[in-house]
Amino acid sequence: MIATSNTLASSREIVPATKGRARVSCIGARSFLLEAPGEFDLPAQRWIWALAQRVKGWADIAEVIPGMTNLLAIFKETPEDPEIVAGRLLEAWNNAESLDLAGKIIEIPVHYGGAYAIDLPAICDFCGLSDREVVRIHHEASYRVFALGSAPGFGYLHGLDPRIYMPRKTVPSLRMEKGSVTIGGMQTGVAMLTGPNGWNSLGHAELQMFDPTSATPALMAPGDTVRFLPARIEL
């Protein structure tokens with residue numbers, strides 16, 4: 001699971017967003033979502049990582065889920081006063097120091113183009129670039145894993161070049177293959193499951209990134225650096 005801003009559709013805002021101040025919302029009875037102010041970037045995510053380290057040590061916390069520049073805190077019991085909980089989260093946010101997780105480097109061989117790159121022409125049309133330019137820009141960048149979620153082992157990767165930002169589809173593809181290398185807005189990732197998907201595919205990776213029988217099932221972890229290697233380019 002990952003906490004995203006879409007989760008707030010049925011939530012109650014406790015602390016409104018102001019410049020330089022985080023926003024805290026109550027989701028259900030026991031869950032509180034803190035959203036970082038400012039840009040969707042690495043500095044904001046480092047604050048989220050630091051906040052997660054602080055909050056997970058609270059005795060009344062059941063689970064802490066760091067998301068994309070946000071953090072979901074799930075309490076063991078329903079708090080009597082949500083305002084007090086919001087204040088605790090904001091205090092922890094204000095006092096937490098920036099934390100840069102020391103992750104590993106993951107290199108993922110990719111077959112760019114070909115049968116799996118079902119959305120590469122649309123990406124080119126939207127960005128005004130050739131297919132070779134899109135592929136080159138994508139594999140020349142380095143990406144940081146901000147959070148895991150959506151599907152087991154799926155990593156939300158930050159660092160996509162703005163020249164190849166591509167909005168998510170308004171109507172998802174009914175079947176996108178597991179291993180599809182995709183772009184969704186300002187993020188990129190690798191599909192963990194075969195099925196409906198609203199991201200845009202430009203290639204395919206065979207590397208197994210989730211093994212439920214392993215002691216550490218997910219290959220990716222927050223803080224890791226990911227590089228896509230062009231094992232084959234078929235355009």
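Leaving out neighbours up to four places away in sequence, Met 220 is in contact with Lys 104, Ile 106, Ile 108, Val 145, Leu 148, Gly 155, Leu 157, Met 209 and Val 226. The structure is a predicted model, and its domain assignment gives domain 1 (23-95) and domain 2 (105-233).

**The nonpolar cores**

- Met 220 is among the residues with the most contacts inside the largest nonpolar core, which has 39 residues, and the others named in this way are Ile 108, Val 134, Ile 164, Leu 202, Val 226 and Phe 228.
- At least two residues of this core come from each of several helices and strands, including α1 (42-55), β6 (105-113), α4 (131-140) and β14 (225-234).
- This core also draws at least three residues from each of the two domains, domain 1 (23-95) and domain 2 (105-233).
- Apart from this core lies another one, of 23 residues, among them Ala 44, Val 55, Val 64 and Trp 93.
- As a general background, nonpolar side chains in soluble globular proteins tend to be buried together.

**The two domains**

- The C-alpha centres of domain 1 and domain 2 are 28 Å apart, and the contact between the domains takes 9 residues from domain 1 and 10 residues from domain 2.

**Strand β5 and its partners**

- Strand β5 (residues 70-75) runs antiparallel to strand β4 (residues 61-66), and 5 bridges join the two.
- Strand β3 (residues 31-35) is likewise antiparallel to β5 and is joined to β5 by 5 bridges.
- Leu 72 of β5 has Ile 65 opposite and is also the bridge partner of Leu 33, while Ile 74 of β5 stands opposite Glu 63.
- The hairpin of β4 and β5 has 3 residues between the strands, and Thr 69 in this hairpin takes a positive phi near 50°.
- In a regular strand the side chains alternate between the two faces of the sheet.
- In β5, Asn 70, Leu 72 and Ile 74 point one way, whereas Leu 71, Ala 73 and Phe 75 point the other way, and all of them are buried.
- Because 6 of the 6 residues of β5 are buried, the strand is largely enclosed by the rest of the structure.

**Helix α2, one side buried**

- Helix α2 (residues 82-95) has 14 residues, which at 1.5 Å a residue should span 20 Å, and this agrees with its end C-alpha atoms, which are 20 Å apart.
- The buried residues of α2 include Val 85, Ala 86, Leu 89, Leu 90, Ala 92 and Trp 93, and because they cover an arc of only 160° around the axis, they lie on the same side of α2.
- The face of α2 turned away from this buried side carries Ile 84, Glu 91 and Asn 94, which are exposed.

**Asn 197 and Gly 198**

- Asn 197 belongs to strand β12, while Gly 198 is placed in the loop between β12 (195-197) and β13 (200-204).
- Asn 197 counts as buried because its relative accessibility is 16%, under the 20% cut-off, and Gly 198 is buried as well, with a relative accessible area of 17%.
- Not counting residues up to four places away in sequence, Gly 198 touches Arg 168, Lys 169 and Pro 172, and Asn 197 is in contact with Lys 169, Pro 172, Ser 173, Met 176 and Ala 191.
- Although Gly 198 and Pro 172 are 26 residues apart along the chain, their C-alpha atoms are separated by 4.0 Å.

How values were computed
Residues are numbered from 1 along each chain as its sequence is written. This is a predicted model: local features need pLDDT of at least 70, side-chain atom pairs count only at pLDDT 80 or more; totals for chains, interfaces and linings use all residues. Side-chain values use heavy atoms; hydrogens and water are left out. Two strands pair if DSSP finds at least two bridges between them. Helices (H or I, at least four residues) and strands (E, at least two) are DSSP runs, numbered from the N terminus. A nonpolar core is a set of buried Ala, Val, Leu, Ile, Met, Phe, Trp, Tyr and Cys residues joined through side-chain atoms within 4.5 Å. Buried means under 20% relative accessible area, exposed over 50%, partly exposed in between (1.4 Å probe, protein chains only). Domain bounds come from an automatic or database domain assignment. Contact means heavy atoms within 4.5 Å. The expected span of a helix is 1.5 Å times one less than its number of residues. The arc is that of the directions from the helix axis to the C-beta atoms.
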